Amino acid sequence: MLSFESDYIQGAHEKILKRLAETNREPLSGYGNDKYCESAKEKIRQACDCKEAEIFFLTGGTQTNQIVISSMLKSYEGVVAAHTGHISVHEAGAIEHSGHKVLTIPGHEGKIKVEELTAYLKAYWEDSSHEHMVFPGMVYISHPTEYGTLYTEKELAEIAGVCGEYSIPLYLDGARLGYGLMSRGTDVTLAKIARYCDVFYIGGTKVGALCGEAVVFPKKNMPVHFLTLAKQKGGLLAKGRLLGVQFDTLFTDDLYFQISAHAIEMAEKMKEMFREKDKRFFLDSPTNQQFLILEDGEMARLKEQINFDIWERYDEGHTVVRFATSWATETEDVNRLREVMPSGGQ
């Protein structure tokens, strides 16, 4: 069945599978203490233009968010995020389960506004009873956001400035980071993210890897005994080589960026087709996730031929749905979608 359900529905890029097979019989030390992890780290440092970066490979996005956030916060602190943020909505309360509250502020097509962040932090510290409340100890953003939208460099710089003013770290969730970096017209690069953020991760699971995320601490600020904390919380692989080989491959000859650019090209083709079919967009996403407003009857009929994600209710008779391309999407997939997608229907 034709599927645009998400960007992790396929296995892994063939070059990764080839390297895993080629290195399979090599006896290597565990827990990330192997030559492939070290090689991958060095390549990521170069890509980030950050020679001092400390890098740690973890198994998946939810584990990464929980481990990073809980290891950097004090017991009485929470993390500020958009009310639509991934940690607020789609992680089954993983952050709260670690003992830290997600402190939500408004999200605007997935993004937070620096003015509202400033107002929130200012109001907290001016409250005479703030010691009885959860302290805002970190700011969380994702790039791309849950709605496929992107921050500009100016927005990143402004948010980082507020975090610096209040001495709290800025954490960027990069589960789909490759698709953001290769989006047309973006002015954000890996080097700029490393400059403005205190910690971020480069997503592998949704960008060509079987699994795994690369956490980057660009300011030599990795929490003490981070490996122990990762193991304690179930995010450490004994066969760390599996992550090292994958990221070493992704960051060889710009593979990560090439396959991300391919997903964007496919998304642009899909957007053009949706416009030709006179479909109604929920918002303008510049990345691989595209959101349409479909009449419920049309949505049900399409579901018989295509897998896509049902996102949220729009009104009594319409639903917001998501179509996502990935590193593995082919032109023929978009052409087949064109054949089954009816015109109009708004």
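Predicted model: local features only at pLDDT ≥ 70, side-chain atom pairs only at ≥ 80, totals over all residues.
Residues are numbered from 1 along each chain as its sequence is written, and side-chain values use heavy atoms, with hydrogens and water left out. Local features need pLDDT of at least 70 and side-chain atom pairs count only at pLDDT 80 or more, while totals for chains, interfaces and linings use all residues.

**View 1. The largest pocket and its lining.** The volume of this pocket is about 410 Å³. A pocket is an open set of points on a 1 Å grid over the protein atoms alone, with protein on both sides within 12 Å along at least five of seven lines; lining residues have an atom within 4 Å of a point. Volume is the space filled by probe spheres set on the points, which are joined across faces, edges and corners. Of the 25 lining residues, Tyr8, His86, Ala175, Arg176 and Lys206 lie nearest the centre of the pocket. Helix H3 (61–72) and strand S11 (309–315) are the elements that give two or more residues to this lining. Helices (H or I, at least four residues) and strands (E, at least two) are DSSP runs, numbered from the N terminus. By class, the lining has six nonpolar, ten polar and nine charged residues. Nonpolar covers Ala, Val, Leu, Ile, Met, Phe, Trp, Tyr, Cys and Pro; charged covers Asp, Glu, Lys and Arg; the others, Gly among them, are polar.

**View 2. The largest cavity.** The structure holds one cavity of 30 Å³ or more, a cavity being a set of grid points where a 1.4 Å probe fits but cannot get out. About 40 Å³ of space lies in the largest cavity. Its lining consists of Ala82, Gly85, Gly110, Ile112, Tyr140, Ile141, Ser142 and Tyr151. Strand S5 (residues 135–142) gives the largest share, three residues. Five lining residues are nonpolar, three are polar and none is charged.

**View 3. Helix H1 against helix H11.** The axes of H1 (residues 14–22) and H11 (residues 241–250) come within 9 Å and cross at roughly 135 degrees. Axes are lines fitted to C-alpha atoms, for helices over the stretch in contact, and angles run from 0 to 180 degrees between N-to-C directions. Lys15, Ile16, Arg19 and Leu20 of H1 make contact with Leu242, Val245, Gln246, Thr249 and Leu250 of H11, contact meaning heavy atoms within 4.5 Å.

**View 4. Helix H2 against helix H11.** The axes of H2 (residues 35–48) and H11 come within 8 Å and cross at roughly 40 degrees. On the H2 side the contact includes Tyr36, Cys37 and Ser39, and on the H11 side Arg241 and Gly244 are among the residues involved.
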